[in-house]
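Here are a few exercises to work through with the model open beside you. Try each task before reading its solution.

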Amino acid sequence: MRRSFVLAATVTALAGICVALPAEAGTPAEPATAATPPMGWNSWNSFGCEIDENKIKSMADALVASGMRDAGYQYVVIDDCWFDPNRTADGSLRGDPKRFPSGMKAVGDYVHGKGLKFGLYQVPTEKTCAQRNNAYPGETGSGGHEHADARTFASWGVDYLKYDWCSPAGTLDDQIRGFTTMRDALAATGRPIVYSINANSYHFPKNGQVHDWNGIAHLSRTTEDIKPVWKTGNPNEYPMGVTDIIDINNALTERAKPGYYNDPDMLEVGVYDVEGYPGLTDTEARAHFGMWALMSAPLIAGNDVRAMKPEISRILNNRDVIAVNQDSLARQADLVDSQGTAQVYRKPMADGSIVVGLLNRTETARDLTATTAQLGLDEYTARDLHTGEVTGRSGDLKAAVPAHGLQLFRLYGS
Ligand code: GAL
């Protein structure tokens, strides 16, 4: 065990040297795009198409006031329905003049002025998802307009593009071509832009699950859409609950690395009353957030940040849990033990510590155990990442876990 600690520390030190080398003397190295999982906020889970520039600006204000920006949430992403349903006479995209009368660059400038970054949604096909579902007029997808649209995004100061296939047409090869075209168009702008893709909508099997999109995107959706519910029982079909998604994502751990993440969809922490789902309990929301941290998933909040209750703010602002997510190794936790519904997760960290999650998927409180063999440690200090309590321990790690709860510990070998 001690050996792997030393090895991890050495690798980290070497990685640090490698990163520092390309910088010119005296110039700090630019961090690589999405070197750790992107964090931010997106309009879709709470508001769908009900968006306008004042709402987005007030959300940027709230990210600052709530402390979320300073905790690491950077990107303010406007999802579907921001655009004019008609391109301009020269074929350009523009914001919906009624709801975004100041234009998208002005919204981006406002977001940047708050020390945040700016993101937008678009599709590689002809219709966005809302257009395809007849919830929004027009056909303004980027298919055939990729380079011009990428230049438009860059000129507006876009830092993050969510790019969603959203069409029943297209083979996996067509999708690879379509997503690669926009990757190259974004690169040609010279602006660092986080590239988030979804190959799943309207497709079965889900090509975000089947195919490894490493090298094409920074993050790729692995499942159908999440809703604020613990479980639907659906096998990667709409709609998905927190645990349904975890089951799909667990099989894809090998893909996650710095600069590429499995995207199990955006957070439902603090999101209530959607499509008949009342929302997660606080215990479930804490487990959802902790599991997304363990899985090195993008942490894209979806709640109304202007009106969150204190417990939701505590969950989203828990810096110990965020540190698990933002670790520079970017390893996705392995499921090391699954006795049916009592699961043990283990995530190695760059400093040689490990994070252990005990997830109780049953309807009753349980005592869960991670054995020393699963931990790879027998003497350690354990920090409870929800209470901050630190204890010296030896032997198996045991904890009482509430129904639908997760206990998270960071363990330092001694
Ligand atoms: C879905 C996507 C959602 C949201 C929606 C917009 O395909 O999974 O996250 O972006 O489209 O219409």
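**Exercise 1. Find the disulfides of this predicted model and state how many there are.**

Solution. A search of the whole structure gives two disulfides.

Step 1: Start with C49 and C81, which are joined with an S to S distance of 1.9 Å. C49 sits in the loop between helix 2 and helix 3 (53–65), while C81 is in the loop between strand 2 and helix 5; the two are 32 residues apart, so this bond links distant parts of the chain. Both cysteines, C49 and C81, are buried.

Step 2: Go on to C129 and C166, whose sulfur atoms lie 1.6 Å apart in a disulfide. The torsion about their S-S bond is about 85 degrees, which means that the disulfide is right-handed. This pair, too, links distant parts of the chain: C129 belongs to helix 6 and C166 to the loop between strand 4 and helix 8 (172–189), 37 residues apart. C129 and C166 are both buried.

Step 3: Number the bonded cysteines in sequence order, and the pairing reads 1-2, 3-4.

**Exercise 2. Describe the aromatic pair of F83 and Y136, and decide whether each ring residue is buried or exposed.**

Solution. 

Step 1: F83 lies in the loop between strand 2 (75–78) and helix 5 (104–113), and Y136 in the loop between helix 6 and helix 7 (146–155), so the pair ties together parts that are 53 residues apart in sequence.

Step 2: Check accessibility. Buried means under 20% relative accessible area. F83 has 1% relative accessibility and counts as buried; Y136, at 10%, also counts as buried.

Step 3: Widen the view. F83 and Y136 belong to one aromatic cluster with W82, F153 and W156. The count of aromatic pairs comes to ten.

**Exercise 3. Which residue lies over the face of Y110?**

Solution. Find the ring of Y110 and look above its face: K57 lies there, at 5.2 Å from the ring centre.

**Exercise 4. Describe the largest pocket: how much space lies in it, and which residues lie nearest its centre?**

Solution. 

Step 1: The space in the largest pocket is about 640 Å³.

Step 2: Its lining is made of 35 residues, with W44, C129, N133, D225 and Y238 nearest the centre. The elements giving two or more residues to this lining are helix 2 (44–47), helix 6 (129–132), strand 4 (160–164) and strand 8 (272–274). Helix 2 gives the largest share, four residues.

Step 3: Sort the lining of the largest pocket by type, and you get 14 nonpolar, seven polar and 14 charged residues.

**Exercise 5. How many cavities of 30 Å³ or more are there, and what lines the largest cavity?**

Solution. 

Step 1: The search of the whole structure finds one cavity of 30 Å³ or more. The volume of the largest cavity is about 70 Å³.

Step 2: Residues lining the largest cavity include N42, Y160, K162, R221, D263 and D265. Strand 4 and strand 6 (219–221) each supply at least two lining residues.

Step 3: By type, the lining of the largest cavity divides into six nonpolar, two polar and four charged residues.

Conventions: Residues numbered from 1 in each chain as written. Predicted model: local features only at pLDDT ≥ 70, side-chain atom pairs only at ≥ 80, totals over all residues. Heavy atoms only, no water. 1 Å grid on protein atoms, 1.4 Å probe; cavity = no way out; pocket = protein on both sides within 12 Å on 5 of 7 lines; lining within 4 Å. Points joined across faces, edges and corners; volume = space filled by probe spheres on them. Nonpolar A, V, L, I, M, F, W, Y, C, P; charged D, E, K, R; others polar. Phe/Tyr/Trp six-rings, centres within 6.5 Å; stacked < 30°, edge-to-face > 60°. Buried < 20%, exposed > 50% of the residue type's maximum accessible area, 1.4 Å probe, protein only. Lys NZ or Arg CZ within 6 Å of the ring centre and 35° of its normal. Disulfide = S-S within 2.5 Å.
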